[in-house]
Amino acid sequence: MFKQHINSIEQNSLGLSIDINCDMGEGMQNDALLMPFISSANIACGFHAGDEDTIKRTIELALENNVAIGAHPSYLDRENFGRLSQSISLIELAELISNQLSLFEKITDQMGCKIHHVKLHGALYNDCAKDPLSSKIVAQTIQAIDPSIIFYGLSGSHSIKEAKAIGLRCVKEVFADRTYQPNGQLTPRHLDHALITDPNTSAKQVLTMVLDQEIKTDDGTMIAVEAETICIHGDHPEAVDIAKKLFNTLQQYQIEIKQP
């Protein structure tokens, strides 16, 4: 486990870096408190939460804190916060992504900044992670809008594989506040043990993923994982405490926190 690294930490830096991203602009009232402890913000595009005003205000906060500005598109589903799967065609999927990114790009242009990355939200994120064709359409749509945009996707998923296949730069994401299944997918939210609420447990899981490149799943087995960005959900009830603990723990281990 990561304890093997303690001696080297005491002598010199490990030379490691990691991004911390957070879902924001979702009306949770804690965005300003979270910003100092993250390096990337995924901002809701209005389909599951937020609107043009919240996008602008969250971008302003990100600029003030030198945090990367990302779009966080979802299914059109404000009633369920974008967390219920929908059966839509591939054409509808492309339009879904395009409409949200077009709005986001219009706002960033007005504010003199650019979209740094895109990370899908909720059920759309999970559905694409499991489906290569949907992932390919999403990656192609993002690339057509701006090929310099970085795509954040679940480590080991079809989302990452398909983005890589078309040459879209991508970053492999792991989660600080969620548990994992043996197949590498996140534990469904309706299960009692899906969320990690203890900041110490969260920090320990992240260190294992970053330093040992593995994760303990909900049945106790260890699986390999590549961690390039760590997600904290802004709507998590312990989001601020988890972010603070994670930020301080990574600093203690001399792991630099920076955007991709």
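Modeller: His193 is partly exposed, because its relative accessible area is 38% (buried is under 20%, exposed over 50%, partly exposed in between, with a 1.4 Å probe and protein chains only). The model is predicted: local features need pLDDT of at least 70, side-chain atom pairs count only at pLDDT 80 or more, and totals for chains, interfaces and linings use all residues. Residues are numbered from 1 along each chain as its sequence is written, and side-chain values use heavy atoms, with hydrogens and water left out.

His193 sits in the loop between strand 6 (170-175) and helix 8. Helices (H or I, at least four residues) and strands (E, at least two) are DSSP runs, numbered from the N terminus. Setting aside neighbours within four places in sequence, His193 is in contact (heavy atoms within 4.5 Å) with Thr179, Thr187 and Asp218. Leu76 is elsewhere: 117 residues from His193 in sequence, and 27 Å from His193 in space, C-alpha to C-alpha.

Gln185 also belongs to the loop between strand 6 and helix 8. Its relative accessibility is 12%, so Gln185 counts as buried. Its partners, not counting residues up to four places away in sequence, are Asn126, Ala129, Lys130, Leu154 and Tyr180.

The largest pocket holds about 390 Å³ of space. It is lined by 24 residues, and the closest to its centre are Gly122, Ala123, Asn126, Arg178 and Arg189. A pocket is an open set of points on a 1 Å grid over the protein atoms alone, where a 1.4 Å probe fits, with protein on both sides within 12 Å along at least five of seven lines; lining residues have an atom within 4 Å of a point. Helix 5 (residues 122-130) provides the largest share of that lining, 6 residues.

Strand 7 (214-216), like helix 8, supplies at least two.

Gln213 is found in the loop between helix 8 and strand 7. Its phi is near 55°, a positive value in a residue other than glycine. Gln213 counts as partly exposed because its relative accessibility is 49%.

Helix 8 (199-212) also takes part in covering the buried residues of helix 9. Those buried residues are Ala239, Val240, Ile242, Ala243, Leu246, Phe247, Thr249 and Leu250. The cover also includes strand 1 (17-24), helix 2 (31-34), strand 9 (229-232) and strand 10 (256-257).

Take Thr249 as a close case. Thr249 lies in helix 9 (residues 239-252). Its relative accessible area is 8%, so Thr249 is buried. Beyond neighbours within four places in sequence, Thr249 is in contact with Ala203 and Leu207.

The length of helix 9 checks out. At 1.5 Å a residue, its 14 residues should span 20 Å, and the end C-alpha atoms are 20 Å apart, which agrees. The expected span is 1.5 Å times one less than the number of residues. Just after helix 9, Gln254 takes a positive phi of about 55°.

Strand 1 and helix 2 bring in another glutamine. Gln29 is placed in the loop between them. Gln29 has a positive phi of about 65° although it is not a glycine. Its relative accessibility is 75%, so Gln29 counts as exposed.

Finally, confidence. The mean pLDDT of the chain is 94, and 95% of its residues reach 70 or more. pLDDT is the predictor's confidence in each residue, from 0 to 100. Residues 5-12 stay under 50, and the model has 10 contacts beyond four places in sequence for them. Where pLDDT is low, the predicted coordinates should not be read in detail.

Definitions and conventions: Grid points are joined across faces, edges and corners, and a volume is the space filled by probe spheres set on the points.
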